[in-house]
Amino acid sequence: MRNVLIYQLSNEIGMYATKTKFCEITINGTYKGLYVLMEKIKRDKNRVDVSKLKDDDITGGYIIKIDKTTGEDNSIDFSFSSKYDGFGNKDGDQKIKFLYEYPKAEDINTAQKGYIQTYYRDFEQVLMSDDFAEPTMGYRKFIDVPSFIDFFLLNELSHNVDGFRISTFMHKDKGEKLKMVPVWDFNIAFGNADYCRGETTNDWAYKFNEYCPADPSRVPFWWARLLKDPSYVEELKSRWAELRNNILSASNIQEKITEHSVRLIYSNSVERNFDTYNVLGTQVWPNFFIGDTYEEETNYLHNWILQRLNWMDKVIAEF
C-alpha cells in the first residue's frame, strides 16, 4: 500500500508516477498471495515522456538513475560517478553513481555519454560554487526547480529511507532541463524501516548521510545545498502550503489508505494473503512496527502520517 499511496499522490500533484493495481495471483491452481502490479519505468509518451534518442541527438531524452551498481557486466560502462561525495567533498571516497536507464548502457553512444556526463558535472560544479544561487547562470540553468521541490516533498512526507540515494530516477528531455521524475520504491518508507532513523517522524530523509555515514549508498549534496538558497526555500514553503490545503491534506491521504484497506478486507484478499503467509506479529526485516493484525498495521500507517505531517508543517514554516 505504501507504493500505491505515494504513486497516487505523485500523479495527483501533476508528477507522473507508475500506475498500480492490487492483484491476487494464482499459478497452476496454487494461490500465491496479494501483490501490486505496477508499470515499469520506461520511455513512453504515457510514462516518462522524453524524446526517443537517435544516434545524432545529444541533448535528450535521457533517463538517469542513482542506484546500486551490483551485478553489472564489467565489459560495459553502466554508469558515471559524481565528483563529490554526499557531503559535497570533491573526490570523496564514497562515490555516487549515475546509471544509464535510457538509453541502456549498451545502446548509448560516446557523444551522448560525453554530453550527459558533462551536464551533470557542470550542474554540480555550479551548485558548489559561491554564485550557485545566481538566477541566470546558477543551478537554475540546469534543473527544473518545481520538479525538484515536488520530489523532495514526496520523499520527505514518507521519510523514505531509500530516498534520494537508491532507486532515484530523473530525466532530461531534448533542449530541456533536468527533472526529478518519477518517484519510485517506497516499500520501506512511511515508518517501515528500523535502521538509519527510517521509523522516525521528526528527522529529514535527505540527511541520511549524517545518520549512517558508513553506508555506501549516498544522498547527493544537492538537497542540502539547494536549501541554502532563500529563493528556493520560499518556493518550497509555498508549494508545501498549497499542497497541504488539498492533495497532501491529512484527510485526502487518510481517505486513500482507508479506501484501499476496506476494499482489500471486504474482498477477503487480506485474509487469504495472511492465511498463506503467516507473517503478522512476526519480525520481517526491516520493519519497525510489528502489528499482530492487519488493522494494527494500517492504524500505524494512519498515525505515523499524521505525526509526520504535523512535524513537517512546523519545521518548514521555520525554514
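Here's a quick tour of this structure, going from its sheet to its helices and then to a few single residues. Keep in mind that this is a predicted model. Two things to look for are an open sheet of five strands and a pair of helices, α3 and α9, that pack at an angle of about 135 degrees.

**The sheet as a whole**

- Go across the open sheet and you'll meet its five strands in the order β4-β5-β3-β6-β7, with antiparallel pairing.
- The edges belong to β4 (79–81) and β7 (178–179); each has a single partner strand, so one side of each is left without a neighbour in the sheet.

**β4 and β5**

- Three bridges pair β4 with β5 (residues 97–102), and the sense is antiparallel.
- If you want to find this pairing on screen, look for F80, which sits opposite F98 in β5, and for S81, which sits opposite K97 in β5.
- As for β5 itself, five of its six residues are buried, so the strand is largely enclosed by the rest of the structure.

**β3 and its two partners**

- On one side of the pairing story, β3 (residues 62–66) is joined to β5 by four bridges, and the two run antiparallel.
- Here K65 faces L99 in β5, while I66 has F98 of β5 as its bridge partner.
- β3 is also joined to β6 (residues 168–172), by five bridges, and again the strands run antiparallel.
- One spot to check in that pairing is I64, which stands opposite M170 in β6.
- How many of the residues of β3 are buried? Five of its five are, so to speak, under cover.
- Here's a handy rule for reading strands: in a regular strand the side chains alternate between the two faces of the sheet.
- In β3 both faces are covered, with Y62, I64 and I66 buried on one side and I63 and K65 buried on the other.

**α3 meets α9**

- Helix α3 (residues 145–157) and helix α9 (residues 294–317) have their axes 10 Å apart and pack at about 135 degrees.
- Those two helices are therefore oblique to each other.
- Which residues make the contact? From α3 come L153, E156 and L157, and from α9 come W304, R308, L309, M312 and I316.
- Sorted by class, that contact of α3 with α9 has six nonpolar and two charged residues, and no polar ones.

**α1, a mostly covered helix**

- Helix α1 (residues 2–12) is mostly covered, with eight of its eleven residues buried.
- The buried ones are R2, N3, V4, L5, I6, Y7, L9 and S10.
- What do these buried residues pack against? Their partners are β1 (20–27), β2 (30–38), α3, α7 (250–266) and α9.
- Just past the end of α1 you'll find G14, with a positive phi of about 90 degrees.

- Q254 is part of helix α7, and Q254 is buried at a relative accessible area of 17%.
- The side chain of Q254 reaches the backbone oxygen of H302 at 2.9 Å.
- Setting aside residues up to four places away in sequence, Q254 touches H302 and L306.
- G92 sits in the loop between β4 and β5, and G92 counts as buried at 10% relative accessibility.
- G92 and S82 are ten residues apart along the chain, and their C-alpha atoms are separated by 9.2 Å.

**Backbone features in the loops**

- Y102 and P103 are joined by a cis peptide bond, with omega at about -10 degrees; P103 lies in the loop between β5 and α2 (110–127).
- V181 and P182 are joined by a cis peptide bond too, with omega at about 5 degrees; P182 lies in the loop between β7 and α4 (208–211).
- C196 is found in the loop between β7 and α4 as well, and C196 has a positive phi of about 50 degrees although it is not a glycine.
- N28, in the loop between β1 and β2, has a positive phi near 50 degrees and is a residue other than glycine.
- Are these two residues buried or exposed? N28 counts as exposed at 79% relative accessibility, whereas C196 counts as buried at 16%.

Methods. Residues are numbered from 1 along each chain as its sequence is written. This is a predicted model: local features need pLDDT of at least 70, side-chain atom pairs count only at pLDDT 80 or more; totals for chains, interfaces and linings use all residues. Side-chain values use heavy atoms; hydrogens and water are left out. Two strands pair if DSSP finds at least two bridges between them. Axes are lines fitted to C-alpha atoms, for helices over the stretch in contact, and angles run from 0 to 180 degrees between N-to-C directions. Angles under 35 degrees count as roughly parallel, over 145 as roughly antiparallel, 65 to 115 as roughly perpendicular and the rest as oblique. Contact means heavy atoms within 4.5 Å. Ala, Val, Leu, Ile, Met, Phe, Trp, Tyr, Cys and Pro count as nonpolar, Asp, Glu, Lys and Arg as charged, and the others, Gly among them, as polar. Buried means under 20% relative accessible area, exposed over 50%, partly exposed in between (1.4 Å probe, protein chains only). A polar contact is a pair of N or O atoms within 3.5 Å; within protein, one must be able to donate a hydrogen and the other to accept it, and residues adjacent in sequence count only if both atoms are side-chain atoms.
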